[in-house]
Amino acid sequence: AVAAGMTMLRLPVFTWTALASCLLVIFSFPSLVVAFGLLLAERRGARVLDPIAYQHLFWFYGHPAVYVMFFPFVGLVAEAASVFSGRRFFGYRVFVLALLAFTALSMSAWAHHMFTTGSVPNRLFALTSTALVVPAGIEYFDTIATLWKGAVRFLSEKMKEVPEKAREALEDLVSPVECSDCEGRRLQLLT
């Protein structure tokens, strides 16, 4: 066997986040295909789709699509926290359950985009908007707890530049007017 002893609950955290992204793609993207098909039928003269129904179909796809892009980043940060702190990932099983719960709940969270249409009851809006906080909080807590009392280290000299580069990027984004000559300033610093 290539990976003797490897079970589902020994997979890296990043693998779980990639799996969660795949599940979201499998279950949410078909609604976009249906929406586009109905939209095409509308453009050919059929009256099959009212605007509110189209919005429901779009947001049933659109809300989980955000997490399709976000979950791999969560996995990457979690793996980096584990590697750079020199510790096993804290609360691995709880993290995996929270990730799967977040994945399932994100499929129902399209309702908070429909609040102003009046087609979704306020209770459903409130439930879908706040229910995601619990699994998200567990994920963040586990990642921070992994770093807690760990021997956080940067393995190369280049890694020490990451906070400085992040600060520069933030500075460039926040103050584009003040930073009209940012590129010139960087070139000056490099020479």
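Q55 touches M114 and T117, setting aside residues up to four places away in sequence; contact here means heavy atoms within 4.5 Å. This is a predicted model, in which local features need pLDDT of at least 70, side-chain atom pairs count only at pLDDT 80 or more, and totals for chains, interfaces and linings use all residues. Residues are numbered from 1 along each chain as its sequence is written, and side-chain values use heavy atoms, with hydrogens and water left out.

**Overall make-up**

The protein chain has seven helices and zero strands. Helices (H or I, at least four residues) and strands (E, at least two) are DSSP runs, numbered from the N terminus. Read from that end, the order of elements is α-α-α-α-α-α-α.

Of the 191 residues in the protein chain, 28% are buried. Buried means under 20% relative accessible area, exposed means over 50%, and partly exposed lies in between (1.4 Å probe, protein chains only). The chain exposes about 12400 Å², and carbon and sulfur atoms supply 71% of that area. Accessible areas come from the Shrake-Rupley method with a 1.4 Å probe; for residues, only the protein chains shown count as cover. Among contacts between residues at least 6 apart in sequence, 77% join residues at least 24 apart.

Q55 is found in helix α2 and is partly exposed, because its relative accessible area is 28%. The C-alpha atoms of Q55 and M114 are 7.6 Å apart, while the two residues are separated by 59 residues along the chain.

H63 also belongs to helix α2, which spans residues 51-85. At 6% relative accessibility, H63 counts as buried. Leaving out residues up to four places away in sequence, H63 touches S106, A109, W110, H112, H113 and L132. The side chains of H63 and Y67 are joined by a polar contact of 3.4 Å. A polar contact is a pair of N or O atoms within 3.5 Å; within protein, one must be able to donate a hydrogen and the other to accept it, and residues adjacent in sequence count only if both atoms are side-chain atoms.

H113 lies in the loop between α3 and α4 (122-130). H113 counts as partly exposed because its relative accessibility is 29%. Apart from neighbours within four places in sequence, H113 is in contact with W59 and H63. A polar contact of 3.4 Å links the side chain of H113 to the side chain of H112.

**Other sites**

F90 sits in the loop between α2 and α3. With a relative accessible area of 36%, F90 is partly exposed. Beyond its neighbours within four places in sequence, F90 is in contact with F141, D142, A145 and T146.

S129 is found in helix α4; its relative accessible area of 27% makes it partly exposed.

| Pair | Separation along the chain | C-alpha distance |
|---|---|---|
| H113 and H63 | 50 residues | 8.3 Å |
| F90 and I144 | 54 residues | 8.6 Å |
| S129 and L105 | 24 residues | 9.5 Å |

K149 is located in the loop between α5 (133-147) and α6 (162-174). K149 is exposed, because its relative accessible area is 76%. The phi of K149 is near 60 degrees, a positive value in a residue other than glycine. Most residues other than glycine have a negative phi.

**The largest pocket**

The largest pocket holds about 280 Å³ of space. On a 1 Å grid over the protein atoms alone, a cavity is a set of points where a 1.4 Å probe fits but cannot get out, and a pocket is an open set with protein on both sides within 12 Å along at least five of seven lines; lining residues have an atom within 4 Å of a point. Grid points are joined across faces, edges and corners, and a volume is the space filled by probe spheres set on the points.

The lining of the largest pocket comprises 13 residues, and L9, L11, R88, F89 and Y92 lie nearest the centre. Helices α2 and α3 (92-106) each supply at least two lining residues. The most comes from α2, with three residues. By class, the lining has seven nonpolar, two polar and four charged residues. Ala, Val, Leu, Ile, Met, Phe, Trp, Tyr, Cys and Pro count as nonpolar, Asp, Glu, Lys and Arg as charged, and the others, Gly among them, as polar.
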